[in-house]
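Subject: Structure handover

Hello,

Here is the structure for your files. My notes follow below it.

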Amino acid sequence: MKETYINVDSKTAQLEQELQVYRELLAHLPFSFSYTDNNRGLKITKERGKQLPMTERTVIEEHASPTFTTDFSLEKDVAFDEIEKILSPIFDTVPHHIVMIDENGHITLCNEKAATDFNKDRDSLIGKHIRELLSIPDNLILLLETLHTGQPIINREVLDSNYGINNTRIFRDSTGKIIRVLGAFQFLNKVKDSEKQAVAGRIAAGIAHEIRNPLTTVRGYLQFLSDKFSPDISSLVSSLLIPELDRANKIITDFLALAKPSDTKFELFNANNYICENVGKFLKSEAFLYDVDVEFECDKQVDDVLVSINSSEMLQVFINLFRNSFEAKGTDRLHIKLETSLLEKHVQIAFIDNGTGISPKALEHLFDPFFTTKDEGTGLGLSVSRKIVENHGGILTVRSSHKGTTFYIQLPALHQSKI
């Protein structure tokens, strides 16, 4: 039988080395802790600021779980630059401005929203003074105010060009020295603008409604009295005055469609069938009337897809798009093409023409109410069209070049198998 010899001294030395490594590891931990092994009756404790842990005997409790307590603090026991590495991707998901500065006012963390809204490169901001991001005097920077006063700011309303709510928080080291100041700014410019537009819309809708009533009365009396006028005046009434009143009334009607909430009733339609049949009948008749080529290209992936729409309202969108294309046609014969496609959870309808296109400057304001480049236009057709599409839970966008213009309508898709 072969015997195996173990070098006891070597094994003991190895265990002593391992024990020394564990003791040195515990000595380097900056926080205090207490660990009790109930089965062995041993308790190890270490106080903050002291190097060596203490071991003592305690009552043995069989089958009892070990207990561990600590006063570990993320702020005190981890280098703040390491904490910022953890926080940075989390803060990037927050839709508000979050910036952190050190004791000198230099940026150590800036979330993506803040950098994007100020049109800055985030990486180049790190290490720069906070004034280089905000571009305002130091005495107006609330992060610096907190840094100098040592007092956090809670829900302070900011009323300059960047309207919102500001909060700051101070982080200190174990000696009480400020090492970071965090600022969180809830950007509310869009909310304020939306509130202004809502109030203006309600006021304007009320005014428009009050104007439309006397216009209707005047039109009715002109039509009633036109037979009693001389032929020249009667012709003027029928050819100019009444059409102008009708035009004014249409402008008011279109404006009210923008300003007032919509009470739309929806029905389910097969997307391809609606484009090819319902919209197709209108476009083909308009194409024959105005000598325009119309083409349809429906993706087979959309064959079993339904959309929930108000047929007459959506048809109005295509009427407006057709008129827009016809009025922007060039010297070549106007060609209009409708394409359907499936984009994840949306049906996309592309309305494509080969007209003269829209200038980049005009493209920026294309959906603004009353914006028009036409002598006879009201500037409400595309605004109303976007409002209709948005009321259907969709979006209306546009791309244009000298080769033509394409409007994209995206509507939520419903598969027949799920209905």
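The buried residues of helix H10 are covered by, among others, strand E10 (267-270), strand E11 (293-298), strand E12 (305-309), helix H11 (311-327), strand E13 (335-343) and strand E14 (346-353). Here contact means heavy atoms within 4.5 Å, and helices (H or I, at least four residues) and strands (E, at least two) are DSSP runs numbered from the N terminus. This is a predicted model, in which local features need pLDDT of at least 70 and side-chain atom pairs count only at pLDDT 80 or more, while totals for chains, interfaces and linings use all residues. Residues are numbered from 1 along each chain as its sequence is written, and side-chain values use heavy atoms, with hydrogens and water left out.

The buried residues in question are Ala271, Asn272, Tyr274, Ile275, Val279, Gly280, Phe282, Leu283, Glu286 and Ala287. Buried means under 20% relative accessible area, exposed over 50%, and partly exposed in between (1.4 Å probe, protein chains only).

H10 has 20 residues (271-290), and at 1.5 Å a residue it should span 28 Å; the end C-alpha atoms are 26 Å apart, which agrees. The expected span is 1.5 Å times one less than the number of residues. H10 bends by about 50° at Gly280, the bend being the angle between axes fitted to the seven residues ending there and the seven starting there. At the start of H10, a side-chain oxygen of Asn270 comes to within 3.2 Å of the backbone nitrogen of Asn272. Asp291, just after the helix, has a positive phi of about 60°.

Elsewhere, four strands form an open sheet in the order E3-E2-E1-E4, with antiparallel pairing. Strand E3 (54-57) and strand E4 (67-70) are at the edges with a single partner strand each, so one side of each has no neighbour in the sheet. Two strands pair if DSSP finds at least two bridges between them; strand E1 (residues 33-37) and strand E2 (residues 42-46) have five, in the antiparallel sense. Ser34 is opposite Thr45 in E2.

The loop between E1 and E2 contains Asn38, which is buried at a relative accessible area of 9%. A polar atom of the Asn38 side chain lies 2.7 Å from the backbone oxygen of Ser65. Leaving out residues up to four places away in sequence, Asn38 touches Val59, Ile60, Glu61, Ala64, Ser65, Pro66 and Thr67.

Regards

Notes:
Polar contact = N/O pair within 3.5 Å; in protein donor to acceptor, adjacent residues only side chain to side chain.
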